[in-house]
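Work through the following exercises with the coordinates open. Try each task before reading its solution.

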Amino acid sequence: QIVYENTQYGFRFTLPDSWKGYTIITDKWEGLSVGDAQGEKVSGAKLSIRHPEWTAEQPRQDIPVLVFTVDQWNELQQDKFHIGAAPINPSELTRNDKYVFALPARYNYAYLNGYQEVEDILKGNPIQPMK
């Protein structure tokens, strides 16, 4: 097994051996306040774990992890802002004292190569908070 440790946010993610040589793609998620004429943006980190066999010609399913502060997560649960067009909130994977780690809704909607493997990995509760 291969373990990705993120000390910035405080979690570890266990991957099967076939993911040896994975890369981390750092991006951000953005949310839009509901009913706010200013359209105030809320944002946070999006970390995607990318399979080593991923190529532009043959993309594979990434494992996306959205990072929320606990306050952001609570506001999202109260529908104070939303992410994306889907009326479905991300689902919580785990949390620590400062952050909630979540899986975006419809992350695998494109059914890229490897999406079933990613589903299997996620069923195994691969993400754990670090103390």
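The exercises below use a predicted model.

**Exercise 1. Overall fold**

Task: State the secondary structure content of the chain and the order of its elements, then check the chain's radius of gyration against that of a compact globule.

Solution: 
- Step 1. Count the elements. The chain has two helices and nine strands.
- Step 2. Read along the sequence. The pattern is β-β-β-β-β-α-β-β-β-α-β.
- Step 3. Get the extents. The C-alpha trace spans about 45 × 35 × 20 Å along its principal axes.
- Step 4. Compare with the globule rule. For 131 residues, a compact globule would have a radius of gyration near 14 Å. The chain has 15 Å, which agrees.
- Step 5. Look at burial and contact range. Of the 131 residues, 40% count as buried. Take contacts between residues at least 6 apart in sequence: 56% of them join residues at least 24 apart.

**Exercise 2. Glutamine 61**

Task: Is glutamine 61 buried or exposed, and what does its side chain reach?

Solution: 
- Step 1. Locate the residue. Glutamine 61 is in the loop between β4 (41-50) and β5 (63-69).
- Step 2. Apply the cut-off. Buried means under 20% relative accessible area. Glutamine 61 has 5%, so it counts as buried.
- Step 3. The side chain of glutamine 61 reaches the backbone oxygen of tyrosine 107 at 3.4 Å.
- Step 4. List the surroundings. Leave aside neighbours within four places in sequence. Glutamine 61 is then in contact with Trp19, Tyr107, Asn108, Leu112, Asn113, Gly114, Tyr115 and Val118.

**Exercise 3. Salt bridges**

Task: How many salt bridges are there, and which parts does the pair of arginine 50 and aspartate 62 tie together?

Solution: 
- Step 1. Side chains of opposite charge can pair when their charged atoms come close.
- Step 2. Take the total. The count comes to seven salt bridges.
- Step 3. Examine one pair. Arginine 50 forms a salt bridge with aspartate 62, and their closest N and O atoms are 2.8 Å apart. Arginine 50 lies in strand β4 and aspartate 62 in the loop between β4 and β5, so the pair ties together parts twelve residues apart in sequence.
- Step 4. Check burial of that pair. Arginine 50 is buried at 17%. Aspartate 62 is buried at 13%.
- Step 5. Turn to arginine 95 and glutamate 92. Their salt bridge is 2.9 Å, N to O. Arginine 95 is partly exposed at 33%, and glutamate 92 is partly exposed at 37%.
- Step 6. Move to helix α2 (residues 115-123). Aspartate 120 and lysine 123 meet at 3.8 Å, N to O. Being three residues apart in the helix, they are separated by about one helical turn. Lysine 123 is exposed, at 67%.
- Step 7. Finish with a network. Salt bridges link Glu53, Arg60 and Glu117.

How values were computed: Residues numbered from 1 in each chain as written. Predicted model: local features only at pLDDT ≥ 70, side-chain atom pairs only at ≥ 80, totals over all residues. Heavy atoms only, no water. Helix = DSSP H or I, 4+ residues; strand = E, 2+ residues; numbered from the N terminus. Buried < 20%, exposed > 50% of the residue type's maximum accessible area, 1.4 Å probe, protein only. Polar contact = N/O pair within 3.5 Å; in protein donor to acceptor, adjacent residues only side chain to side chain. Contact = heavy atoms within 4.5 Å. Salt bridge = Lys/Arg side-chain N within 4 Å of Asp/Glu carboxyl O. Rg over C-alpha atoms; globule rule 2.2 N^0.38 Å.
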